[in-house]
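Have the coordinates open and click along.

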Amino acid sequence: AAFRGGNNNAAYDGNSNSLLGMPATNVSLTGFRAYARNRGAAGKNGAGWNCDVYELQKTCYWLYVVEYANLNSQAGFNAQPTSEGYRQGGLGMGVTALVYALWGEFNDYNPFICCGHTSSLGNQTGVVDFIAPPEYKVALIMQVPSYRGIENPFGHIWSWVDGCKFRIQSDAAGGLSQFYVCDDPSLFQDSDYSDYKLRGNISRYAGYVKEMLIGEFGNNMPKVADASSATYFCDYCSTSIPASGEMLRGLLLGGGSYNGATAGLACTYSSYVPSSADQTFGTRLCFIP
């Protein structure tokens with residue numbers, strides 16, 4: 001029970017929709033940061049324990065792009081290298097094919113892939129089949145991906161990411177959607193933009209990403225959203241503009257179990273404040289030495 005995930009609902013224990021061993025969700029970015037820091041003051045600037053961190057996610061994204069030489073992380077998985085020994089394909093669709101309504105009936109939108117499902121792969125990249133239980137009502141086999149030991153690098157549940165934030169203004173208040181980054185974990189906070197550096201303006205509209213900020217820091221955030229699931233960066237950005245004033249919002253990354261082709265390593269969501277929590281929002285535990 002100490003490792004019951006999701007929203008910690010004990011009523012499911014012993015059933016096919018049990019949350020025992022599942023990722024924790026229904027916690028805000030602020031809450032996840034606090035829980036990670038409870039592990040102690042080791043690491044970078046006394047704040048090495050964190051939830052998911054933008055700089056780490058960004059690095060993993062570009063490592064994938066270089067290794068696979070494509071921008072579509074959901075391309076079909078192919079374990080065989082090319083004749084020259086290079087990777088081909090992608091990581092597959094991942095856990096992104098659930099029917100939203102049936103997921104709700106099954107376990108109220110909580111996680112359903114147990115942590116460690118791909119442990120048999122070690123730190124190798126690959127996929128492991130998951131067969132949905134009969135109670136899900138639809139026969140479904142999904143391939144759970146792991147990229148170099150990072151299980152479900154996209155899909156399944158959205159991941160709160162720390163060390164970055166969005167400043168999104170209404171049209172009347174300036175009409176800008178800005179992206180800020182902080183690389184010192186001891187300065188992470190959700191109050192304002194102090195100690196965070198502006199990296200650029202992101203897309204004001206939802207859509208598949210056609211152009212990213214990139215720049216000298218390689219920021220993989222959406223600059224222009226006017227593409228498709230099979231062109232340019234192949235991933236979707238979701239955002240919204242406040243009716244008035246401006247809002248500080250956090251980054252949710254990767255997509256969820258129902259997002260299908262819109263999910264992926266560069267799938268972003270910038271519509272929620274850092275205090276927001278949902279059964280479909282989780283994170284990762286990260287350590288910065």
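What follows goes through the structure one region at a time.

First, the ground rules: this is a predicted model, where local features need pLDDT of at least 70, side-chain atom pairs count only at pLDDT 80 or more, and totals for chains, interfaces and linings use all residues. Residues are numbered from 1 along each chain as its sequence is written, and side-chain values use heavy atoms, with hydrogens and water left out.

Start with the nonpolar cores. By that I mean sets of buried Ala, Val, Leu, Ile, Met, Phe, Trp, Tyr and Cys residues joined through side-chain atoms within 4.5 Å. Buried is under 20% relative accessible area, exposed is over 50%, and partly exposed sits in between (1.4 Å probe, protein chains only). The largest core holds 14 residues, and Tyr61, Tyr64, Leu91 and Met212 have the most contacts inside it. Two elements supply two or more residues each: helix H2 (54–68) and strand E10 (207–214). Of these, H2 gives the most, with 4 residues. Helices (H or I, at least four residues) and strands (E, at least two) are DSSP runs, numbered from the N terminus.

Beyond its neighbours within four places in sequence, Tyr61 is in contact with Leu71, Met212, Asn220, Phe233, Leu265 and Ala266, contact being heavy atoms within 4.5 Å. There is also a second, separate core of 13 residues, with Val95, Leu98, Phe106 and Met142 among them.

While we're at E10, have a look at Gly207, which is found in that strand. Gly207 is buried, at a relative accessible area of 9%. Outside the four places either way in sequence, Gly207 is in contact with Ala225, Asp235, Tyr236 and Cys237.

Next comes a sheet. Three strands form an open sheet in the order E4-E5-E6, with antiparallel pairing. Strands E4 (126–131) and E6 (150–151) stand at the edges with a single partner strand each, so one side of each has no neighbour in the sheet. E4 and strand E5 (residues 141–147) are joined by 6 bridges; for two strands to pair, DSSP must find at least two bridges between them.

Now move to strand E8 (residues 177–181). How many of its residues are buried? The count is 5 of the 5, so E8 is largely enclosed by the rest of the structure. Ser177, Phe179 and Val181 point one way from E8, while Gln178 and Tyr180 point the other way. E8 pairs antiparallel with E7 over 5 bridges, and antiparallel with strand E9 (residues 197–201) over 4 bridges. Val181 shows both sides: it is the bridge partner of Cys164, and its own partner in E9 is Lys197.

That brings up the cysteines. A search of the whole structure finds 0 disulfides, a disulfide being a pair of cysteine sulfur atoms within 2.5 Å. For Cys164, the nearest cysteine sulfur is that of Cys51, 9.8 Å away. The sulfur of Cys182 is 10 Å from its closest counterpart, in Cys164, which is too far for a bond. Cys164 counts as buried at 3% relative accessibility, and Cys182 is buried with a relative accessible area of 3%.

Finally, two serines. Ser28 is in the segment before helix H1 (29–37) and is buried, with a relative accessible area of 12%. A polar atom of the Ser28 side chain lies 2.9 Å from the backbone nitrogen of Gly31. Not counting residues up to four places away in sequence, Ser28 touches Trp160, Pro274, Ser275, Ser276 and Ala277. In H1 itself, the buried residues are Leu29, Gly31, Phe32, Arg33 and Ala36, and they pack against strand E1 (49–50), strand E7 (158–169) and E15.

Ser270 is in the loop between strand E14 (268–269) and strand E15 (281–282). Ser270 is buried, with a relative accessible area of 4%. Leaving aside neighbours within four places in sequence, its contacts are Phe166, Ile168, Ile202, Ser238, Thr239, Arg249 and Gly250.

Methods
A polar contact is a pair of N or O atoms within 3.5 Å; within protein, one must be able to donate a hydrogen and the other to accept it, and residues adjacent in sequence count only if both atoms are side-chain atoms.
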